[in-house]
Amino acid sequence: MPTTINPTTNTPQSAPLETSGKGAPTKANGNKLLIAVIAIGIVTGLATFLMKECIKWVGDLVMIGMDGELSNLRYLGLPMLGIFIAMIFQRYILKEDLSHGTAIIKNDLANWKYNLPSNLMYTNIIGCSITIGCGGSAGAEGPSAYTGAAIASNFARWLHIDPRWFRLLVSIGAGAGIAGIFKSPVGGALFTLEVLGLELTTLPVIALIAACLISSCTALAFGGFSFDLKFVDYISFDPSNFLWMTLLGLFCGAYCIYYRWSQRSAGNFLNSVSNPWFRALIGGVVLSVAIFFFPSLFGEGYSIVDKVINCHPAELLTYDPFYSGLTGTELLMVILAGVLILKGIMVACTINGGGVAGDFAPTLFAGCLAGYLFGLIVNSLFGLSLPVENYALLGMAGVMSGAIKAPLMAIFITAEMSNSYQFMFGFLLVASISYGIVFLWDRYNKGI
């Protein structure tokens, strides 16, 4: 007997989902499935584009009048304000927690909850725009994945798709959300396979890839066919630097261990605070003070990443209270080290404090700065002239791979969102070593 879903409890009433054999769709259901996949891809791609535009609009609004040469006290209030507004939106308007999008999706899938309410197709956009636009130091991928999952669930219900495909379509929608927000179709598909951990047969994999490709192309089209990161002047990839790239992988792996520990420790501390408003106050104050001293922690940080990989590191010091022009490599390394030490904690303050955001983009930001810092240190110590901007790019894949423990997703997201497939060998090497270091550490240290 086919599985049915109770719309009240969102749980299956009989056998689990099947994806092959007698679970294969009939011709009629196959047509509906095709329509659903196309619709999910288009609508999710449009939703991720709107999310980015809303984040940018809120960010531009709150930055009106900011002085680019002097520190601005506005940084001491904006991030905290964003978290409190997001808290009010979730607790009193939506009456639902959106702060851990990816974790919620995984929990829903594990508990056979696929019938997601229609308001989740836009409420994540609102909450994320407020949180990140006001300076929350996190990413938009968790809310975008949750939005995609909700879009898929509702299309499946509206089209009366065979209930045996509900779970797969929700997972496919989440992958399409990642594909759209990063403009990375392969990365989105690998998110579903690596992070959500679904084991898919041939037909569902084809549906997943199609939805991710359509979502990514839709986001690209509405975004003017431009990538989030774009090289202007860069030195072409040189495989003769194999040794230094290997050491970069080790450096990224070691940093990932610290990053995960700091984020988890800060998150556990905030979660131990029973009063949600006091928790938001603590997270907001810590976040605001850190951003005042290190303004590059403001928001997702893609503009900083874009400048760093194009060898314009002075952007790291914009609005900094200590900024008086780039006076030397030592100053830059101090700023980089300070941001890297704080980044995991700031992500926890943003998400666990009550904001609506994700934790994938911060690993790309941290990886960029870690790779750049590594290049500066090596050049200073050994009198070399390594192309530090290339190492910043490789570091993105390295830290995301180890921190998220999804090496393939990290490799393809970095390559696709920056249109830099010529660095694939370096991505593979650095990401694999970083992931291996974290894997070994986790194996012998279960508490991390």
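## Basis of the values

The model is predicted: local features need pLDDT of at least 70, side-chain atom pairs count only at pLDDT 80 or more, and totals for chains, interfaces and linings use all residues. Residues are numbered from 1 along each chain as its sequence is written, and side-chain values use heavy atoms, with hydrogens and water left out.

## Overall fold

The protein has 16 helices and two strands. Both are DSSP runs numbered from the N terminus, helices being H or I with at least four residues and strands being E with at least two. Of its 448 residues, 58% count as buried. Buried means under 20% relative accessible area, exposed means over 50%, and partly exposed lies in between (1.4 Å probe, protein chains only).

Contact means heavy atoms within 4.5 Å. Among contacts between residues at least 6 apart in sequence, 80% join residues at least 24 apart. The protein exposes about 17,700 Å², and carbon and sulfur atoms supply 66% of that area. Accessible areas come from the Shrake-Rupley method with a 1.4 Å probe; for residues, only the protein chains shown count as cover.

## Salt bridges

A search of the whole structure finds three salt bridges. The criterion is a side-chain nitrogen of Lys or Arg within 4 Å of a carboxyl oxygen of Asp or Glu. In one of them, the side chains of D60 and K56 meet with an N to O distance of 3.0 Å. D60 and K56 are four residues apart in helix 1 (residues 27-62), so about one helical turn separates them. D60 is partly exposed, at a relative accessible area of 41%.

D442 takes part in a network of salt bridges together with R260 and K405. Between D442 and R260 the closest N and O atoms are 3.1 Å apart. This pair links distant parts of the chain, with D442 in helix 16 (residues 424-444) and R260 in helix 9 (residues 242-271), 182 residues apart. D442 is buried at 10% relative accessible area, and R260 is buried at 12%. Between D442 and K405 the closest N and O atoms are 2.9 Å apart. K405 lies in the loop between helix 14 (388-404) and helix 15 (407-418), 37 residues from D442 in helix 16. K405 counts as partly exposed, at 34% relative accessibility.

Helix 9 also holds L247, which is partly exposed with a relative accessible area of 32%. The C-alpha atoms of L247 and V430 are separated by 8.4 Å, although the two residues are 183 apart along the chain.

## Helix 7 and T192

Helix 7 is mostly covered, with eight of its 11 residues buried. The buried residues are P185, G187, G188, A189, L190, F191, T192 and V195. They pack against helix 3 (101-110), helix 5 (141-158), helix 6 (166-182), helix 8 (202-222), helix 14 and helix 15. Just after helix 7, G197 takes a positive phi of about 70°.

T192 is found in helix 7 (residues 185-195) and is buried at 1% relative accessibility. The T192 side chain reaches the backbone oxygen of S171 at 3.2 Å. Leaving aside residues up to four places away in sequence, T192 touches S171, G175, G197, L198 and L208.

## Nonpolar core

A nonpolar core is a set of buried Ala, Val, Leu, Ile, Met, Phe, Trp, Tyr and Cys residues joined through side-chain atoms within 4.5 Å. The largest one has 140 residues, of which F182, F191, F360, L369, M400 and M409 touch the most other members. Helix 13 (residues 361-382) supplies the largest share of this core, 12 residues.

## Surface patch

L73, L76, F278, L281, V285, V289 and F293 form a nonpolar patch on the surface, with about 580 Å² of accessible area together. Patches are made of residues with over 30% relative accessible area and no salt bridge; like charges are joined within 9 Å, and nonpolar side chains (Val, Leu, Ile, Met, Phe, Trp, Tyr) within 5 Å. One of the members, F278, is found in helix 10 (residues 276-293). F278 is partly exposed, with a relative accessible area of 46%.

Notes: Polar contact = N/O pair within 3.5 Å; in protein donor to acceptor, adjacent residues only side chain to side chain.
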